[in-house]
Amino acid sequence: MNLQVSIDTRSGFCFGVVYAIRMAEAVLKEEGHLYCLGDIVHNDEEVLRLRKMGLEVISHEDLADIRDAKVLIRAHGEPPSTYKIAYENNIELLDSSCPVVLKLQEAVRSSHVQDQSIYIYGKKGHPEVSGLLGQTEGKAVVFQNLEELNLKTMPRKIILYSQTTKSIDQFYDIVRRLREAGIEVHARDTICRQVSNRDKELRKFAISYHKVIFVAGTKSSNGKVLYNTCKEENENTYCISSVGELDKSWFETGDRVGVCGATSTPMWLMEKVKAALLAF
């Protein structure tokens with residue numbers, strides 16, 4: 001089909017994920033086995049690659065039964081209860097928590113100690129958010145949109161944090177609307193700029209091609225957001241999690257095709273997608 005295919009060089013792992021994966025690879029090459037608390041990254045193909053190297057993904061329930069072993073903490077971070085269990089079970093934690101997340105956890109913990117009314121703009125159940133909630137003994141309020149909150153009955157003074165991967169524009173829109181409702185908001189902008197800047201970068205990327213292939217894992221929240229960003233700019237954007245999901249009928253001879261992905265998408269997978277497209 002003579003497709004012209006380019007990869008967005010800014011796509012791919014954020015530095016937090018790179019750090020976690022390098023730490024895992026170093027142990028696996030030396031020891032051949034390592035436990036990881038939850039998927040090291042929300043990308044099925046990358047998790048499979050590391051499983052083949054000896055990475056064993058475990059749940060928090062599994063952790064309670066493990067003793068005298070090494071366990072990797074991924075970039076999302078963990079609540080204090082995880083560290084407590086590890087200490088009690090003589091588990092050596094390899095902590096690859098993202099520095100941005102650790103800074104946020106410290107700030108949330110400080111607010112909790114000061115008995116402030118803590119609200120977190122984030123996805124309920126997301127591992128990063130679970131880690132943040134743990135800093136407050138589960139007392140913080142987590143929400144994804146203002147419709148979940150009762151603006152009339154909530155405290156008149158709050159401190160507002162955000163999951164690090166949320167939209168800056170949406171965060172400040174929430175701040176504005178809360179203030180308009182008469183609530184005094186101390187806004188702590190804790191959003192990772194490496195992630196948030198991808199929104200504008202991808203918009204420019206998406207309009208430069210006839211078709212866009214967005215590569216992301218099925219569990220990636222960041223992937224869903226950034227895919228929609230591309231789709232808004234280019235309706236001929238298709239989301240896939242593996243090469244096998246590519247459909248030749250999406251393309252026409254001579255199309256310029258852009259390949260991009262989430263902050264949890266490995267570059268090797270996007271390269272593999274490019275190679276498959278060029279073979280059409």
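In what follows, Ala, Val, Leu, Ile, Met, Phe, Trp, Tyr, Cys and Pro count as nonpolar, Asp, Glu, Lys and Arg as charged, and the others, Gly among them, as polar. The model is predicted, with local features needing pLDDT of at least 70 and side-chain atom pairs counting only at pLDDT 80 or more, while totals for chains, interfaces and linings use all residues. Residues are numbered from 1 along each chain as its sequence is written, and side-chain values use heavy atoms, with hydrogens and water left out.

The largest pocket has a volume of about 640 Å³. Its lining comprises 25 residues, and Lys166, Ser167, Gln170, Asp199 and Val225 lie nearest the centre. (A pocket is an open set of points on a 1 Å grid over the protein atoms alone, where a 1.4 Å probe fits, with protein on both sides within 12 Å along at least five of seven lines; lining residues have an atom within 4 Å of a point.) Two or more lining residues come from each of helix 7 (168-180), helix 8 and helix 9, with helix 9 giving the largest share, eight residues. By class, the lining has five nonpolar, twelve polar and eight charged residues.

Helix 8 (residues 193-206) also packs against helix 9 (residues 221-233), at an angle of about 30 degrees and with the axes 8 Å apart. That makes the two helices roughly parallel, a term for angles under 35 degrees. On the helix 8 side, the contact (heavy atoms within 4.5 Å) includes Asp199 and Leu202, and on the helix 9 side Leu226 and Cys230 are among the residues involved. Five nonpolar, two polar and five charged residues make up this contact.

How values were computed: Axes fitted to C-alpha atoms, helices over the stretch in contact; angles between N-to-C directions. Helix = DSSP H or I, 4+ residues; strand = E, 2+ residues; numbered from the N terminus. Parallel < 35°, antiparallel > 145°, perpendicular 65-115°, else oblique. Points joined across faces, edges and corners; volume = space filled by probe spheres on them.
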